[in-house]
Amino acid sequence: MASPAKATASKSAAPKKAAAPAAKKAPDATARKHAGSNAAVNILPNINQQQNAPSPTQRYGTVSQRLPIGLSESTRQTSVTMLNQLLADTITLRDMYKKHHWQVVGPTFYQLHLLFDKHYEEQSVLVDSIAERIQVLGGVAVAMAHDVAELTSLPRVPRDREEAPVQVSRLLDGHQRILKNCHDYASKADETGDDGTNDLIVSELVRTNELQVWFVAEHVVDSPLTQAE
Ligand SMILES: [Fe+2]
């Protein structure tokens, strides 16, 4: 036959080369044999699972795809940018509430002192929700006062104490700026399919800010002062 003759010929001509292919073929044959015994079970290890492990450092403005939440990189990037804007504005509004809580004076002091602190606490909850949503999306949340001051869209408030009606006006203006962004961003998150961000903005940010506007706006009243003789 032809094949024994070939084998004999190759052995005599190059005995070292003939040994190598035989050694490579042996594992393949074994693997096929085991797969055939139970083809539905894959016993091969899933290697390189740590390739998506979190990096200890990450640049602000970037997003990682580490968490498998079914959103594309561009969708995450769009949402993180919007959420960082809302975060900076919410931190600023929260701190404005505390400033006014401390500095308020006048006949409505007690009511406003308590109301401003209540709203401060509620805005703090929103701050945490927004920041943690940014982390879930693979982004980096803005955090420090100097970075917040650079990013916020709310006008700078003076250090001085202002009268209560001015405090109220500033708060209502801050709420409105945030709410306008919320409506815009909720639509964008809906368009890109980021339901979690859309829900956060609508269910938490819009609802809370609208309710606070109601309570603060009720203090915008014409209250002429009387003067004691
Ligand atoms: Fe206090």
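Over which residues does pLDDT stay under 50, and how many contacts beyond four places in sequence does the model have for them? The stretch is residues 1-26, and the model has two such contacts for it. Please keep in mind that this is a predicted model. For the protein as a whole, the mean pLDDT is 84, with 75% of residues at 70 or more.

## Overall picture

Let us start with the elements. The protein has seven helices and zero strands, so that, read from the N terminus, the order is α-α-α-α-α-α-α. Of the 229 residues in the protein, 24% are buried. Sequence separation is worth a look too: taking the contacts between residues at least 6 apart in sequence, 76% join residues that are at least 24 apart.

| Helix pair | Axis distance | Crossing angle |
|---|---|---|
| Helix 3 (residues 73-103) and helix 6 (residues 164-192) | within 10 Å | roughly 165° |
| Helix 3 and helix 4 (residues 109-136) | 8 Å | about 160° |
| Helix 6 and helix 7 (residues 195-217) | within 9 Å | roughly 160° |

On the helix 3 side, the contact includes Thr75, Thr78, Met82, Leu86, Leu93, Met96, Tyr97 and His100. Helix 6 contributes, among others, Gln167, Arg170, Leu171, Gly174, His175, Ile178 and Tyr185. Sorted by class, the contact of helix 3 with helix 6 holds nine nonpolar, eleven polar and four charged residues.

Helix 3 also packs against helix 4, at an angle of about 160° and with the axes 8 Å apart. Helix 3 and helix 4 are therefore roughly antiparallel, and their crossing is left-handed. In the contact of helix 3 with helix 4 there are 14 nonpolar residues, eight polar ones and four charged ones.

The remaining pair in the table is helix 6 with helix 7. With axes that cross at roughly 160°, helix 6 and helix 7 are roughly antiparallel to each other. Here the crossing is left-handed. From helix 6, the residues that meet helix 7 include Val168, Leu171, Leu172, Ile178, Leu179 and Cys182. Their counterparts in helix 7 include Ile201, Val202, Leu205, Val206, Gln212, Val213 and Val216. By class, the contact of helix 6 with helix 7 has 16 nonpolar, five polar and two charged residues.

## A closer look at single residues

Is Leu171 buried or exposed? Leu171 is buried, because 24 other C-beta atoms lie within 10 Å. Beyond its neighbours within four places in sequence, Leu171 is in contact with Met96, Tyr97, His100 and Val216. Leu171 and Gln212 are 41 residues apart along the chain, and their C-alpha atoms are separated by 9.5 Å.

Within helix 3 we find Ile91. Ile91 has 26 other C-beta atoms within 10 Å and is therefore buried. Setting aside neighbours within four places in sequence, the contacts of Ile91 are Val127 and Val148.

Ser74 counts as exposed because it has 10 C-beta neighbours inside 10 Å. The C-alpha atoms of Ser74 and Val63, eleven residues apart along the chain, are 9.0 Å from each other. Gln77, in turn, has 18 C-beta neighbours inside 10 Å and so counts as partly exposed. Between the C-alpha atoms of Gln77 and Gly61 there are 8.0 Å, and along the chain the two are 16 residues apart.

How values were computed: Residues numbered from 1 in each chain as written. Predicted model: local features only at pLDDT ≥ 70, side-chain atom pairs only at ≥ 80, totals over all residues. Axes fitted to C-alpha atoms, helices over the stretch in contact; angles between N-to-C directions. Helix = DSSP H or I, 4+ residues; strand = E, 2+ residues; numbered from the N terminus. Contact = placed C-beta atoms within 7 Å. Nonpolar A, V, L, I, M, F, W, Y, C, P; charged D, E, K, R; others polar. pLDDT = per-residue confidence, 0-100. Buried ≥ 20, exposed ≤ 12 C-beta atoms within 10 Å, placed from the backbone. Parallel < 35°, antiparallel > 145°, perpendicular 65-115°, else oblique. Left-handed = near helix turned anticlockwise from the far one by under 90°.
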